Amino acid sequence: MKKHIVTLFILFSLITISQEKYPKDYFRPPLDIPILLSGSFGELRSNHFHSGLDIKTQGKEGLKVYAAAEGYVSRIKVQQFGYGKAIYITHPNGYTTVYGHLKKFSDAIEAYVKSVQYKKESYATGNLFFKEDQFPLKKGEIIGLSGDTGGSGGPHLHFEIRNTMSENVINPLLFGIKVADTISPRIRALKLYALSNESRINQKRKTFQVPIKKISNGKYKTDRISANANIGFAVDVYDNFNGAYNKNGIYSLEMLVNGKRWYYHDVETFSFSESKFLNLHIDYKHYKKYKRRYQKSYKETANKLSIYEDLINNGKLNVKPGNNYMVTIIAKDYAGNKSTLNIPIVGKESSAIFSKSIDSTNYKLIKNKFNKFKVGDFSVAFPKNTFYEDVYLDLAYTNGIAKVHTPTIPLDKSYTLTFDVSKYSETEKQFLFIANLEYPKYPRYQYTRKRDSTFFTTTKSLGNFKLVSDSIKPKIRLLYFKNNQWISSFKTIKAKISDNGSGIKNWRATLDGEWILMEYNHKKGILTYNFNDKKLVGSKHIFKLVVSDNVGNTNELSATFYKKQVN
């Protein structure tokens, strides 16, 4: 009896500790509006898991953003892409909160950041670190306004909570941030995989997309499937929050075999360094071909994600002839809403002839060795462990296009692609760059380093590449006023810039000969200068803008304007 009481006490204690692992009332929401999400924590993104919550800002910019708790500004970073304008606040309880895509900072912080930008003559600041007494904050203090800066797809606030020491990101919902959610995840599709030469699914050694039937809300099933040897499962699943139509990520995925847990993962926390292994967590080949992500309920050998628990045989099911299995896949959101998919499996010895796959190329890459191959006018060099396994690469050089396999295999590291340019004149080489032809009509500039007879780039992308020439200057157009115009009522100067070749590399603007900060909205191609940055002297002023593309083509615009001073 005492033994049972002790066991129950231990179990109760473990549950209590788990529930109290994160403080529930310490952090307040960073916005004063109902929290609606366009992106959930741990959501599947390109090459990474989403590291925070994307909070909707009612489709507009300029909402007040508040410090989630007492602390101090420990870091600020302004960059053209990524989080755009971002603030990091360190709190005394061991956590750091992050606020990304801001339109501007609070007045004191904005003034400091602009002083750095003007000193460096650069929009991008790099990481700016601060001591505790420089920008202390109280809970609920305004730190800035929401925006659309950086790599955002529209106005929203990116909000993170990190462990200050490890910098691991943690799901903010675990800290009591409330989001209305009464909707079960939706399981859209199922795939089965034959994972060994002996494996058979419905008598065939191939991947199957299996039709699923919806029985009722949150309950799905398939017809009976015959199989043999090791097989794996993957589901296409998403979640919705109340009041939002976005397809968001789930919180956990579990697989039971005859009622026993065989596989489990959740998105409680992870490190940035492991996030890249998402490409092994999903069916990467299917995603690259069809833009649909299937989450596997088994773990690849090279996958180093820490999110997995209670794996049996790494989630792979070894089906024995004559045995029956009920496989149940359970998808849950953070609120506990769940959907289940039942998959009846019968073990059936295969009468099909076992066959070994035939190697189809001459370029075998050994993953744990340095590999270099030359084909036509290009070569590729792969460091050790660029790939997660040995592969046979499809390499070809046709009509000036270098084919480096197909972009359906995930890479762990970047490799070097080199073109021989010795046949080009010096003038021709000046305008050439290496382009990625993922979208053939719109060649994308790859950062190109140039030597006398070779051009090279480093990339984690497979696919087609080509040397492309760009001798056309970027375009510049002044917005809302013309040369020699009075603009006394204007608060800003705006210019639209574009480049259809190698793309915009940099710009430099001056006013009366002095550098000015023009913020670039790369989604709209608009540069903006705010007159509040600089006190003008006199009424006549000269604005000059120089824009360069990635191969050095440069265009210049000058305009004279007149502006009365406002006291």
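# Surface, cores and sheets of a predicted chain

Author: The accessible surface of the chain is about 28700 Å², and carbon and sulfur atoms account for 51% of that area. Accessible areas come from the Shrake-Rupley method with a 1.4 Å probe, and for residues only the protein chains shown count as cover. This is a predicted model, in which local features need pLDDT of at least 70, side-chain atom pairs count only at pLDDT 80 or more, and totals for chains, interfaces and linings use all residues. Residues are numbered from 1 along each chain as its sequence is written, and side-chain values use heavy atoms, with hydrogens and water left out.

Reader: How many helices and strands are there in the chain?

Author: The chain has 5 helices and 48 strands. Both are DSSP runs numbered from the N terminus, helices being H or I of at least four residues and strands E of at least two.

Reader: What box do the C-alpha atoms fill, and what percentage of the residues is buried?

Author: Along the principal axes, the C-alpha atoms fill a box of roughly 90 × 70 × 40 Å. Of the 567 residues in the chain, 49% are buried. Buried means under 20% relative accessible area, exposed over 50%, and partly exposed in between (1.4 Å probe, protein chains only).

Reader: Which residues have the most contacts inside the largest nonpolar core?

Author: They are Ile76, Ile87, Phe233, Ile329 and Ile345, in a core of 88 residues. Strand β19 (residues 225–238) gives the most to this core, with 6 residues. A second, separate core has 24 residues, among them Leu365, Ala402, Phe419 and Leu432. A nonpolar core is a set of buried Ala, Val, Leu, Ile, Met, Phe, Trp, Tyr and Cys residues joined through side-chain atoms within 4.5 Å.

Reader: What does Ile87 touch?

Author: Not counting residues up to four places away in sequence, Ile87 touches Val73, Arg75, Ile76, Thr97, Val98, Tyr99, Leu102, Phe105, Ile109 and Ile143. Contact means heavy atoms within 4.5 Å.

Reader: And Ile55, is that residue buried or exposed?

Author: Ile55 is buried, with a relative accessible area of 0%. This residue is found in strand β4 (residues 53–56). Leaving aside neighbours within four places in sequence, its contacts include Pro30, Leu31, Ile35, His156 and Phe159.

Reader: How many Å separate the C-alpha atoms of Ile55 and Phe135?

Author: They are separated by 25 Å, and the two residues are 80 residues apart along the chain. Across the chain, 68% of contacts between residues at least 6 apart in sequence join residues at least 24 apart.

Reader: Turning to the sheets, in what order do β41, β43, β44, β47 and β48 stand?

Author: These 5 strands form an open sheet in the order β41-β48-β47-β43-β44, with mixed pairing. The edge strands, β41 and β44 (514–516), each pair on one side only. Two strands pair if DSSP finds at least two bridges between them.

Reader: How many bridges link β47 with β48?

Author: There are 9, and β47 pairs with strand β48 (residues 554–562) in the antiparallel sense. Ile542 has Thr560 as its bridge partner in β48, and Phe543 has Ala559. The two strands form a hairpin with 4 residues between them, and Gly552 in the turn has a positive phi of about 105°.

Reader: And what about β43 and β47?

Author: Strand β43 (residues 504–511) and strand β47 (residues 540–549) are antiparallel over 7 bridges. The bridge partner of Asn506 in β47 is Ser548, and that of Arg508 is Val546.

Reader: Why are β29 and β37 each left without a neighbour on one side?

Author: β29 (371–375) and β37 (449–450) stand at the edges with a single partner strand each, so one side of each has no neighbour in the sheet. The order in this open sheet of 5 strands is β29-β30-β34-β38-β37, with antiparallel pairing. β29 is joined to strand β30 (residues 378–382) by 5 bridges, and Asn371 stands opposite Phe382 in β30.
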